[in-house]
Protein chains: 2
Amino acid sequence: MSGDTRARIVDATLETLKTKGFAGTSTRAIATAGGFNPALIFYYFGTLNELLLAALEHSSSERLDRYRDALDEAGSLDQLASLLGRIYREDVESGHIRVVSELVAGSVAVPALGPRVIELMEPWLELAEAAIERALAGSPVLELATPRRLAYAAVTFYLGANLVSHLAPDQEDLAGLLDDAARLAPLIDAALRG
Amino acid sequence: MSGDTRARIVDATLETLKTKGFAGTSTRAIATAGGFNPALIFYYFGTLNELLLAALEHSSSERLDRYRDALDEAGSLDQLASLLGRIYREDVESGHIRVVSELVAGSVAVPALGPRVIELMEPWLELAEAAIERALAGSPVLELATPRRLAYAAVTFYLGANLVSHLAPDQEDLAGLLDDAARLAPLIDAALRG
């Protein structure tokens, strides 16, 4: 029963972030969206910040599980690029892109949140690192840059893309970029393997 | 005289964004920082949003002028990569990175600002586009992706890097990434030229 209540609060928080943004996600707005007493938020999560982090972690974990299997199967850069495209489109449709943008942007104004939001990038970094290590096995690239840093570049780019697509949803360049990346990947893949 | 006042207001706004962040940059805080009457802000800029955009544009133009010549001389991917590293370090030191992060993050919560902040990316996109076109002249990459979209990727990445370094200033991975990029560029450059 208490597990159900926690889950209901987290769901209401994600819903509120998607519809009202970071600035509109007060404990009162979350409680109204979920139809429960605001006091439950403090009982289960202590503070609003902790609840926001729990919601981001929940949304993130769900997606990690879904994509881990797919990433494990990607053996080349072009498979990775198509997968990145799929993740991006699914994130737009599910509203996760809005949740991430709102929390990343919102945490710029809340010093206590910033480093903890960045910590939640960690499992994605590890996933990307493993995928890059496999995709570039034997390539001279790995003598010059670590998979960790290349993973960092990918996740950083993804974060920038999240924000741009959130700020200017009609940008055609970003969607087009994914198509370009998928076309370019086999060329770069072949070139890097020598 | 009025040009001086406008410039003073813009300087006070940039200073306030660096020290107090987006949330703390009220007309009152700007006026206090610059030692002038808050009414001057409305007289010269109409609204706080217009002033914020003018300040971002001012900071951005100054840097564009400084980097345009350097970019014009960069003839290869590795020269571009070192230049990008220099721009990034100078932006950290001058506090411009903080101004961009605060305004990009802040504009997520202010729908009227978002698309106009993105518009201010345009001169950077054009600059990057021209540099990429020169650096990749004759490469098969340009048969698969337009310089415009590659420029978009670079600026998007830069925006993500701005935010990450702002949210987690002690990240070593980001600074290390620039070193990796400079080492990787000649390899990729050579590979892409076949």
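In chain A, 66% of the contacts with a separation of 6 or more are between residues 24 or more positions apart. The model is a predicted one. Chain A contains 11 helices and zero strands, and along the sequence its pattern reads α-α-α-α-α-α-α-α-α-α-α. Of the 194 residues in chain A, 41% are buried. Taken along the principal axes, the C-alpha atoms of this chain fill a box of roughly 60 × 35 × 30 Å.

Between the chains, 42 residues of chain B are in contact with 42 residues of chain A. On the side of chain B that touches chain A, two or more residues each come from α6, α7 (114–119), α9 (141–144), α10 and α11 (172–192) of chain B. Helix α10(B) provides the largest share of this side, 13 residues. By class, the side comprises 28 nonpolar, eight polar and six charged residues.

Two of these elements, α6(B) and α10(B), also pack within chain B. Helix α6 (residues 96–108) and helix α10 (residues 147–167) of chain B meet at an angle of about 100°, and their axes are 9 Å apart. Because angles of 65 to 115 degrees count as roughly perpendicular, α6(B) and α10(B) are therefore roughly perpendicular to each other. From α6(B), the contact involves B:I97, B:R98, B:V100, B:S101, B:V104 and B:A105; α10(B) contributes B:L159, B:N162, B:L163, B:S165 and B:H166. The residues of this contact comprise six nonpolar, four polar and one charged.

Technical notes. Residues numbered from 1 in each chain as written. Chains lettered and ligands numbered in written order. Predicted model: local features only at pLDDT ≥ 70, side-chain atom pairs only at ≥ 80, totals over all residues. Axes fitted to C-alpha atoms, helices over the stretch in contact; angles between N-to-C directions. Helix = DSSP H or I, 4+ residues; strand = E, 2+ residues; numbered from the N terminus. Parallel < 35°, antiparallel > 145°, perpendicular 65-115°, else oblique. Contact = placed C-beta atoms within 7 Å. Nonpolar A, V, L, I, M, F, W, Y, C, P; charged D, E, K, R; others polar. Buried ≥ 20, exposed ≤ 12 C-beta atoms within 10 Å, placed from the backbone.
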